[in-house]
Amino acid sequence: MISKKMVQALNKQLNNELYSAYLYLAMSSFTTYIGLKGAANWFMVQYQEEMVHAMKFYDYVLSQGQHSQLEAIAVPPAEYGTLLSMFEQTLKHEQFITKCINDLMDLAIKEKDHATQIFLQWFVTEQIEEEGNDNDIICQLKLVGDSPQALMMLDKELATRVFTPPAPAVQ
Ligand code: OFO
């Protein structure tokens, strides 16, 4: 049986994932505003992925016979600077999320909660991909430097990202 402490920690992460979604939605709005529609698409896909992450926590807590205590979502910044700065902020945020997932896993191990460890394993793997994607784009943006042409080319590439909805759970 899942502990109260574990449920509270999972609910906190549900809120973190909703904040992640909110942050990337704000970034999508900002990049549209400054004329980078490809980057806006990238952040919109990121927003959709974060909503999937949030719902995974929501569904898992229910599957354990508990329910989620929903809390207020923090307000994301309104201004973000350059695209390079935005991806550096994105990486920093994802490193924070990685730490949160690791802390949750540590708690699940401490409590010998095997089901929650299996559930969290997906997020451990996901965070490797999340940080990797951000690092790749940061490298590309450093190569772009001050060239508007190179920035527009990269923006076109960011426009190709598509959201893949998760496969339905096998019954
Ligand atoms: Fe960005 O991985 Fe969830 O929060």
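**Entry 1: Lys-112**

I started with Lys-112, which counts as exposed because its relative accessibility is 65%, and the cut-off for exposed is over 50%. A reminder to myself: this is a predicted model. I found Lys-112 in the loop between H3 and helix H4 (114-144). Then I looked up its backbone angle. Lys-112 has a positive phi of about 55°, although it is not a glycine. I noted that down since most residues other than glycine have a negative phi.

**Entry 2: Leu-104**

Next I went to helix H3 (residues 83-110), where Leu-104 sits. Is Leu-104 buried or exposed? I get buried, because its relative accessible area is 5% and the limit for buried is under 20%. Which residues does Leu-104 touch, leaving aside neighbours within four places in sequence? My list reads Met-6, Ala-9, Leu-10, Gln-13, Phe-57 and Leu-120. I also checked Leu-104 against Gln-117: they are 13 residues apart in sequence, and their C-alpha atoms are 8.6 Å apart in space.

**Entry 3: ring pairs**

Today was for aromatic rings. I searched the whole structure and got ten aromatic pairs. One of them is Tyr-24 with Phe-43, a stacked pair with 6.3 Å centre to centre and 15° between the planes. Why does this pair count as stacked? It does because its planes are 15° apart, and the cut-off for stacked is under 30 degrees. The pair links distant parts of the chain, with Tyr-24 in helix H1 (residues 4-33) and Phe-43 in helix H2 (residues 37-63), 19 residues apart. I looked up how covered these two are: Tyr-24 is buried at 0% relative accessibility, and Phe-43 is buried with a relative accessible area of 0%.

Phe-43 turned up again with Trp-42. That pair is edge-to-face, 5.3 Å centre to centre, with 85° between the planes. Trp-42 is buried too, with a relative accessible area of 6%.

I then followed ring pairs elsewhere and found that they link Phe-57, Tyr-60, Phe-119, Trp-122 and Phe-123 into a cluster. Phe-57 was already in my notes as a contact of Leu-104.

**Entry 4: charges over rings**

I wanted to know which charged ends sit over rings. The charged end of Lys-56 sits over the ring of Trp-122, 4.2 Å from its centre. Trp-122 is one of the rings in the cluster from my last entry. The charged end of Arg-161 sits over the ring of Trp-42, 4.3 Å from its centre.

**Entry 5: salt bridges**

Side chains of opposite charge can pair when their charged atoms come close. How many salt bridges does the structure hold? I count two.

Arg-161 takes part in one of them. Its partner is Glu-49, and the closest N and O atoms are 3.5 Å apart. This bridge links distant parts of the chain: Arg-161 is in the segment after helix H5 (148-158) and Glu-49 is in helix H2, 112 residues apart. I checked the exposure of each partner. Arg-161 is buried, with a relative accessible area of 16%, and Glu-49 counts as buried at 18%.

I also wrote down Asp-103 and Lys-99, whose side chains meet in a salt bridge of 2.7 Å, N to O. Both of them lie in helix H3, four residues apart, which is about one turn of the helix. Asp-103 is partly exposed, with a relative accessible area of 39%.

Glu-94 is buried yet has no salt bridge. What is the nearest side chain of opposite charge, and how far away is it? I found Arg-161, at 8.7 Å. What I did find is a polar contact of 3.0 Å joining the side chains of Glu-94 and Gln-127. Leaving out residues up to four places away in sequence, Glu-94 touches Tyr-24, Gln-46, Glu-50, Gln-127, Glu-130, Glu-131 and Asp-134.

Thr-90 is buried, with a relative accessible area of 0%. With residues up to four places away left out again, Thr-90 touches Tyr-24, Met-27, Phe-43 and Asp-134. Tyr-24 and Phe-43 are the stacked pair I noted under rings.

Key
Residues are numbered from 1 along each chain as its sequence is written. This is a predicted model: local features need pLDDT of at least 70, side-chain atom pairs count only at pLDDT 80 or more; totals for chains, interfaces and linings use all residues. Side-chain values use heavy atoms; hydrogens and water are left out. Helices (H or I, at least four residues) and strands (E, at least two) are DSSP runs, numbered from the N terminus. Buried means under 20% relative accessible area, exposed over 50%, partly exposed in between (1.4 Å probe, protein chains only). Contact means heavy atoms within 4.5 Å. Rings of Phe, Tyr and Trp (its six-membered ring) pair if their centres lie within 6.5 Å; planes under 30 degrees apart count as stacked, over 60 as edge-to-face and the rest as tilted. A charge sits over a ring if NZ of Lys or CZ of Arg is within 6 Å of the ring centre and within 35 degrees of the ring normal. Lys and Arg count as positive and Asp and Glu as negative; His and the chain ends are not counted. A salt bridge is a side-chain nitrogen of Lys or Arg within 4 Å of a carboxyl oxygen of Asp or Glu. A polar contact is a pair of N or O atoms within 3.5 Å; within protein, one must be able to donate a hydrogen and the other to accept it, and residues adjacent in sequence count only if both atoms are side-chain atoms.
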